Amino acid sequence: MIPLTRRDFLLALTGFGLSACAGSHRSLASRSVKNGRIVVVGGGIAGLAVARYLARLSALPNIKLVEPNAYHLMCPGSNEVISDLRKFRELRHDYPATGSVHGVERIRAEAVGLNPQGRQVLLNTRTALPYDRLIVAPGVDFRWKAVEGYDEATSRIIPHAWKAGLQTLLLRRQLRSMPNGGVVIITVPGNPYRCPPGPYERASLIAHFLKRYKPRSKIVILDAKSQFPKQALFEAAWKEHYPGLIEWVSLEKDGNLERIDAEKLTVHTEFGSHRADVLNIIPPQKAGRIASWMELTDESGWCPVNPLTFESTRIPNVHVIGDACSASPMPKSAFVGQSQAANCAAAVMDLLQGNEPSPPALINHCYSLVCPDEAISLTGLYEYSARENQWIVTASGQTPINGDRRAEARYARSWLEALNQFLFA
Ligand SMILES: Cc1cc2nc3c(=O)[nH]c(=O)nc-3n(C[C@H](O)[C@H](O)[C@H](O)COP(=O)(O)OP(=O)(O)OC[C@H]3O[C@@H](n4cnc5c(N)ncnc54)[C@H](O)[C@@H]3O)c2cc1C
């Protein structure tokens with residue numbers, strides 16, 4: 001195995017310059033750990049990535065990945081499926097039926113609890129997996145009680161489509177059968193939630209679909225926020241491609257959702273009510289439920305972690321990455337999940353070797369399609385500040401207002417293809 005330094009490793013991941021990703025020169029792979037037992041819970045984007053990095057960084061024979069499903073359905077790309085620009089089957093990636101994933105033993109089970117004193121993960125197969133370091137990456141769940149009138153049962157009629165799967169298909173079907181001249185309402189929760197620019201990409205691509213097939217229709221976005229990511233860029237693209245088709249209603253203009261009347265397909269805000277032909281409720285979110293069963297969450301519903309190592313501040317030897325952890329100012333995105341996975345893998349190896357973990361260097365680069373062949377993007381670089389004991393933004397940027405959106409769309413598709421290759425090939 002070729003030894004990788006942490007810096008090489010992070011640079012290989014990000015493709016960014018040295019100044020962006022300063023780290024130590026310590027060689028990780030050359031000092032492999034023989035006896036560290038590592039368990040990863042969750043085979044989504046962050047969990048698969050961390051398993052892959054760990055396998056690459058170490059000669060550890062004892063890494064296990066716990067994931068109950070036979071396949072993963074990717075959320076990136078799902079807005080294209082909703083608007084008929086991509087096939088649903090392209091979202092699906094099967095795990096190997098037996099054996100290992102990326103050289104890591106895969107256990108097909110659901111984690112249902114934790115024995116922190118005995119350092120064991122409890123599985124629904126009535127087995128207990130021992131660990132020296134546990135990495136938990138369960139993604140998000142929804143706060144069903146947060147919106148009156150909207151719960152899991154209602155979501156089978158009024159989709160959220162914020163986890164890819166049947167929900168994605170349901171929303172697509174409803175859009176296809178909506179009358180020309182109909183109204184689509186998308187409701188957006190307050191921060192933090194999975195993929196902050198995702199609702200506006202969704203509105204853009206639905207607008208593209210409506211412009212083509214049902215041009216008298218309209219989209220209303222009811223937003224619990226005062227502003228949104230890449231706002232000026234989205235609004236410029238909407239004006240250019242879909243004039244008058246998308247109306248964004250901010251928090252101040254009565255965008256906050258109070259309750260839903262599912263039978264009448266009506267949403268009620270503080271001062272008014274809106275009837276929809278297609279209603280897409282993106283509910284408020286929290287860490288995947290196993291995180292609270294393991295007592296890794298705080299009152300926010302997310303998992304607080306040490307910013308140096310992603311180790312839980314509530315339970316030692318347990319790390320949390322991906323959407324489930326509290327990682328402000330980083331957004332909850334696939335790109336960030338992968339970057340956290342790289343840093344967490346390096347930190348776990350340091351800790352198992354008895355070394356002081358090196359400061360992390362993280363990156364987000366988030367693309368949004370505004371029509372099939374144009375995209376916009378946003379970048380953020382994050383480092384650990386010892387003074388604040390927190391991550392801070394060290395650089396950020398976005399597509400210029402007159403930037404090359406066609407080139408960005410090509411990069412967006414290449415990024416997704418590369419991510420799929422990295423996770424599932
Ligand atoms: C519409 C949409 C579009 C998006 N587009 C983009 C994009 O373009 N770019 C981008 O960067 N991000 C995008 N995202 C965000 C991205 O999908 C998430 O940030 C990412 O999936 C988070 O990864 P994760 O590993 O934390 O969670 P997930 O990918 O959801 O994985 C969680 C995994 O944990 C497993 N799990 C849960 N509980 C248990 C348990 N008890 N035991 C074992 N396993 C368990 C689940 O089965 C799942 O496989 C988008 C999101 C949406 C909704």
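Is Cys195 buried, exposed or partly exposed? I looked it up and found 27% relative accessibility, so Cys195 counts as partly exposed. My cut-offs are these: buried is under 20% relative accessible area, exposed is over 50%, and partly exposed lies in between (1.4 Å probe, protein chains only).

**Ground rules**

I am working on a predicted model, where local features need pLDDT of at least 70, side-chain atom pairs count only at pLDDT 80 or more, and totals for chains, interfaces and linings use all residues. I number residues from 1 along each chain as its sequence is written, and side-chain values use heavy atoms, with hydrogens and water left out. Helices (H or I, at least four residues) and strands (E, at least two) are DSSP runs, numbered from the N terminus.

**Loop between S12 and H5**

I stayed with Cys195. Its phi is positive, about 55°, although Cys195 is not a glycine. The residue lies in the loop between S12 and H5. I found Pro192 in the loop between strand S12 (183-188) and helix H5 (198-213) as well. The peptide bond from Asn191 to Pro192 is cis, with omega near -5°.

**Around S20**

Next I checked Ser328 and Pro329. A cis peptide bond joins them, with omega about 10°. Pro329 sits in the loop between strand S20 (318-320) and helix H8 (334-352). I then turned to Asn317, in the loop between helix H7 (289-293) and S20. Asn317 has a positive phi of about 70° and is not a glycine. Is Asn317 buried or exposed? At 13% relative accessibility, I count Asn317 as buried.

I count two strands as paired if DSSP finds at least two bridges between them. Strand S2 (residues 63-66) pairs with strand S6 (residues 104-107) in the parallel sense, over three bridges. Val66 stands opposite Ile107 of S6. On S5 (residues 100-101), I found two bridges to S6, and this pair runs antiparallel. Val101 stands opposite Val104 in S6. The hairpin of S5 and S6 has two residues between the strands, and there His102 takes a positive phi near 55°.

**Three-strand sheet**

I traced an open sheet of three strands in the order S21-S22-S23, with antiparallel pairing. Strand S21 (361-371) and strand S23 (390-398) stand at the edges with a single partner strand each, so one side of each is left without a neighbour in the sheet. The twist averages 20° from one strand to the next. For angles, I use axes that are lines fitted to C-alpha atoms, for helices over the stretch in contact; angles run from 0 to 180 degrees between N-to-C directions. S21 and strand S22 (residues 374-385) pair over ten antiparallel bridges. I noted Leu381 in S22 as the bridge partner of Ile363.

**Helices on the sheet**

Contact here means heavy atoms within 4.5 Å. H6 lies across S21, S22 and S23 and runs at about 15° to S21. Helix H9 (residues 405-424) lies across S21 and S22, at about 60° to S22.

Which residues of helix H6 (residues 231-241) are buried? I listed Gln231, Leu233, Phe234, Ala237, Trp238 and His241. They cover an arc of only 165° around the axis, which puts them on the same side of H6. I take the arc from the directions from the helix axis to the C-beta atoms. The face of H6 turned away from its buried side carries the exposed residues Lys239 and Glu240.
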